[in-house]
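Try each task before you read its solution.

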Amino acid sequence: MTDQLQTYLQAHAGEAQALLEQLCRQPSVAAQNLGIAEAADLVRSLLDDAGFTTQRFEVPGAPPAIYGEQRGRSPFTLLLYNHYDVQPAEPLELWHSPPYEPTVRDGNLYARGVADNKGEIAARLAAVRALRAAYGALPITLRWIIEGEEEIGSPHFAAIAERYAEPLRADGCLWEGSGFDVADRPVLVLGTKGLLYVQLEVEGTGHDAHSGMAPILPSAAWRLVQALASLRDADGRVRIPGFYEPVRPPTSAQRAAIAAQTDMTAQWREAYQVEEFVDGLAGAPLRERQAFTPTSNIAGLLSGYTGEGVKTVLPAQAMAKMDFRLVPDQDPGEILAQLRAHLDAGGYGDVRVTALGGAEPVVTPIDHPFVQRIAAIAEEFAGQPPSISPLIGGTLPLLGALRRFVGVPGLMAPGNAGYWASGAHAPNEHIRLADLSRAVAFNCHMFSALAAS
Ligand SMILES: [Zn+2]
């Protein structure tokens, strides 16, 4: 870092926090349509102030996505993605300070959205302001899209990406970012799993019946349980024909990256309060299983009487919600068709299947030049090699649209101020203020280093 930049960052040490508090004071809950229009205007004005030429990307039925572009000295063009919406703050009684009144306690800043992901918007803004102040212009060209519906699954992002593909093109994209792990190693994430979310329903009788009629009435609950049991072996293997056919095994480079990650076995055991993981897994094999295994998970089950004491009833209906987490190259539409065919073939034509959501798995190859470049920049910044996740268990539905319509290679870089215990989506969401300064410094370093090649 040069002296001019260092001097500016020291003189404006509180700038990122002030920006972040301003963003967090504005509620922006997409699920409740709370403060969304105001948040979009605020984000646009902050980008204007930081030197971006801004516009609203609009498609029918969606809140505006805010877009900004700022030319830099080098021809390298970087696309940044963020979202200005947040998860609902409820249950409010669990917060130790009001969710939309940013509050500092013990070096932490508490507010809804402070980690996910307004802290990153503030860190990126503060870095841009510092670089402009120190050098008069940005080292690289930045294109930045900040949408308002990520926390409800980005339902209009495909329409936005299709309509505005041209201004979104870039040499590389930084998705909503990651941070540093327990060993202070910078974390790079190269992909997210796909998702198929379905609801299964069985109707056995017109209404609940006395269970004395069980010998002669169809049971919705048993039908559903048996249909569910046909989907998975006891060892976790999915029994839907064709499910594993498109699955690509991890490459040797991906497996090496997993092996080199910081071990979290003990922390995970404690966090989930389990004695042991499935099959007694630990260390690298545990991380590899978690990263590369597609799953059929029962997310919810509902039927009959579940209250206190006894009620001898034969329930009329039974319902389950399931999510299938998918790996490359599984396709949610194909899996849905295979699920239907499997149920029909097993005699479960009466089990109704409704798809409630889908997203493709998206992975940037580890040997992609953009990945290698960000990895080298992160190592130079931290003084130790980054921890690279080839694929994480979560899903970002917008990435499929970004790949399809824009085609820009992307990853998560450690420019986010959140950490593993930030409590994103939970009460008392917070960041450590020291992480915010580090995120600003990292973004300054990364934007500068991308210009030099
Ligand atoms: Zn987020």
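Two strands count as paired if DSSP finds at least two bridges between them. Keep in mind that this is a predicted model.

**Exercise 1.** Work out which strands pair with strand E10 (residues 194–203), and in which sense.

*Solution.* 
1. Start with strand E14 (residues 317–326): E10 and E14 pair in the antiparallel sense over ten bridges. For a spot check, pick glutamate 203, whose bridge partner in E14 is glutamine 317.
2. Now take strand E15 (residues 352–359), which pairs with E10 over seven bridges, again in the antiparallel sense. Here you'll find tyrosine 197 opposite glycine 357 of E15.
3. Then look at burial, where the cut-off is under 20% relative accessible area. Seven of the ten residues of E10 are buried, so the rest of the structure largely encloses the strand.

**Exercise 2.** Find the donors of the zinc ion and decide what to call their arrangement.

*Solution.* 
1. Along the sequence, the spacing reads H-x32-D-x59-E.
2. Check the angles. Tetrahedral would need all of them between 85 and 135 degrees, but the four donor atoms subtend 51 to 140°, so the arrangement is irregular.
3. Finish with accessibility: aspartate 116 counts as buried at 11%, and glutamate 176 is buried too, at 12%.

Terms used. Residues are numbered from 1 along each chain as its sequence is written. This is a predicted model: local features need pLDDT of at least 70, side-chain atom pairs count only at pLDDT 80 or more; totals for chains, interfaces and linings use all residues. Side-chain values use heavy atoms; hydrogens and water are left out. Buried means under 20% relative accessible area, exposed over 50%, partly exposed in between (1.4 Å probe, protein chains only). Helices (H or I, at least four residues) and strands (E, at least two) are DSSP runs, numbered from the N terminus. Donors are N, O and S atoms within 2.8 Å of the metal (3.2 Å for Na, K and Ca); water is not among the atoms, so sites may look incomplete. Four donors count as tetrahedral if all angles lie between 85 and 135 degrees; four count as square planar and six as octahedral if opposite donors are over 155 degrees apart and all others between 65 and 115; anything else is irregular.
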